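Subject: Structure handover

Hello,

Here is the structure you are taking over.

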Amino acid sequence: MSLEGWVPEIGEFLTLAEVVDFAFDYRGNTTIVRADGTEVVGYIFNRDSAAADPFVQYFDEAGEGPFTLPYRDIATIKFTGKDTAAGNSWKAWIERREREKAKAAGAAVAGGDDADPGPHRG
Amino acid sequence: MSVPLSQMITVASYVIKQKLAGRKRYPLVLMLEPLFRCNLACAGCGKIQYPAQILRKHMTVEAGVAAAVECGAPIVSIPGGEPLMHPEIGRLVAELVKLRKYVYLCTNAILLAEKLPLFTPSKYLTFSVHMDGLREDHDEAVCRDGVYDQAIAGIRAALGRGFRVTTNTTLFDGASPLRMRQFFDEMMDLGVEGMMLSPGYSYSKAPDQEHFLRRARTHQLFTDMLSNAKRRWRFNQSPLFLRFLMGKHDYECTPWGNPTYNVFGWQRPCYLLQEGYARTFRELIETTAWERYGRKSGNEKCRDCMVHCGYEATAVDHTFGSLRAFGETVGLTLTGKL
């Protein structure tokens, strides 16, 4: 499941620290909404929630940076950029490969059936 | 085994010095990723999924050299992305060679023949060409037909110009031991100096039993491949690591053994997991919660991992940990038996 398009609302059930963690794992650009209402688009590549003053680090959309922004200056983070990792995990690859193999095997069986219709056919 | 004597001596003296100095955590191989961009999009590769502005970024030569100096590891591996796409890769390698670092430039070799004039043959420089098996297997792994033949052409060109060339192979579930043995023959026929093997990394939240089977399958695969290893096969890596993959040794991960530096900084905790970045190598070593990683930690991301970047340094450390282990390594190296 991709978080692409998610606009989280920080509140009782979702903390900013949790949203930052999601953004850190996200392989796409996000829009950081600052506490003063201004926004910046960039790629969050680092965060330290255990620091005395927790912060995120990001490169902006032009690749400039790294910039550091404390959590206290962030209102929320919107997952606005394309998720470049969606569907590209190792697990997804294995599943895709298995599906392709099964499909190829099925095609081979179907091809063979013309010559040798066996009892396995329904 | 095929590591040249001078390199063996360099590594051995370095490790012994670390042990004499009482350093518990020391780096053996710096993984220097100068860019994430690649000219392939191999399925299962987690290194290239970034927004465009990140893929366009290149590490400066100065930053790469500074990282190598700060880290101090005797070996620098340059993966990526595809390092040959870095605009200053020739200068970066030349500067590292000046520091007498043993540089392994990891490449898919698509651009190798074209870029060779940027480099000078040296005992310090090795092209480590990504080859995941015979033609059909490799082209499937990289999701493009013809790449195997391009890599072979690149290897031949590099060997022809007097460069050191090794191969690096990642093995996944379903690899055929028989075909891999044929592949080893083919690489030896080609004339490469040696081969490097590693199982692929898979992070899964599967139940324990499945994890266990995965590890057992890795042992079985490497046992089937490497039992009765032919004498002509040369592996450019620790024989104890290969025996670990065969299930003959039980090691714990040393994630600090192959620290990773890239355009984001020093990656915590290792080459495969990306859990944050430190600004300096010292900060990485001193502030990473190392106890959270490795099999014994219970971290599910580490449970199945048997990858070289976590365990080869362990094997090398083990070699110099006792006379028995040293003797075992020497014996395996001389006989070629695993």
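The notes below go from the model as a whole to single residues.

This is a predicted model, in which local features need pLDDT of at least 70, side-chain atom pairs count only at pLDDT 80 or more, and totals for chains, interfaces and linings use all residues. Residues are numbered from 1 along each chain as its sequence is written, while chains are lettered from A and ligands numbered from 1 in the order in which they are written.

Confidence

The predictor gives the complex an ipTM of 0.89 and a pTM of 0.91. Chain B has an average pLDDT of 93, and 96% of the residues score at least 70; pLDDT is the predictor's confidence in each residue, from 0 to 100.

Chain A

Chain A contains two helices and five strands, in the order α-β-β-β-β-β-α from the N terminus on. Helices (H or I, at least four residues) and strands (E, at least two) are DSSP runs, numbered from the N terminus. The chain is divided into domain 1 (16-78) and domain 2 (85-114), with bounds that come from an automatic or database domain assignment. The centres of domain 1 of chain A and domain 2 of chain A, taken over C-alpha atoms, are 39 Å apart.

Of the 122 residues of chain A, 22% count as buried. A residue is buried if 20 or more other C-beta atoms lie within 10 Å of its own, exposed if 12 or fewer, and partly exposed in between, with C-beta atoms placed from the backbone. Among contacts in chain A between residues at least 6 apart in sequence, 50% join residues at least 24 apart. Two residues are in contact if their C-beta atoms, placed from the backbone, lie within 7 Å.

Where the chains meet

On the chain B side 14 residues are in contact with 19 residues of chain A. The elements of chain B that give two or more residues to this side are α2 (52-55) and β9 (274-278). By class, the side of chain B that touches chain A has six nonpolar, six polar and two charged residues. Here Ala, Val, Leu, Ile, Met, Phe, Trp, Tyr, Cys and Pro count as nonpolar, Asp, Glu, Lys and Arg as charged, and the others, Gly among them, as polar.

Leaving aside neighbours within four places in sequence, B:Ala68 is in contact with residues including B:Leu30, B:Leu32 and B:Val76.

B:Tyr311 is also one of the buried residues of α12(B). Twelve of the twelve residues of this helix are buried, so it is largely enclosed by the rest of the structure. Its cover includes α1 (5-20), β1 (29-32), β6 (194-199), α10 (239-245) and α13 (323-335) of chain B. Helix α12 (residues 308-319) of chain B reaches 15 Å from its first C-alpha to its last, close to the 16 Å expected at 1.5 Å a residue; the expected span is 1.5 Å times one less than the number of residues.

Backbone exceptions

Most residues other than glycine have a negative phi, and most peptide bonds are trans. A cis peptide bond joins A:Gly65 and A:Pro66, with omega about 5°; A:Pro66 sits in the loop between β3 (55-60) and β4 (67-70) of chain A. Another cis peptide bond joins B:Gly80 and B:Gly81, with omega about 10°, and B:Gly81 lies in the loop between β2 (75-78) and α4 (89-98) of chain B.

B:Ala109 has a positive phi of about 70° although it is not a glycine. The residue is in the loop between β3 (102-107) and α5 (112-115) of chain B and counts as buried, with 28 C-beta neighbours inside 10 Å. Not counting residues up to four places away in sequence, B:Ala109 touches B:Val129, B:Gln150, B:Ala151, B:Gly154 and B:Ile155.

B:Asn228 also has a positive phi, near 55°, and is in the loop between α9 (208-226) and α10 of chain B. B:Asn228 counts as exposed because it has 8 C-beta neighbours inside 10 Å.

Regards
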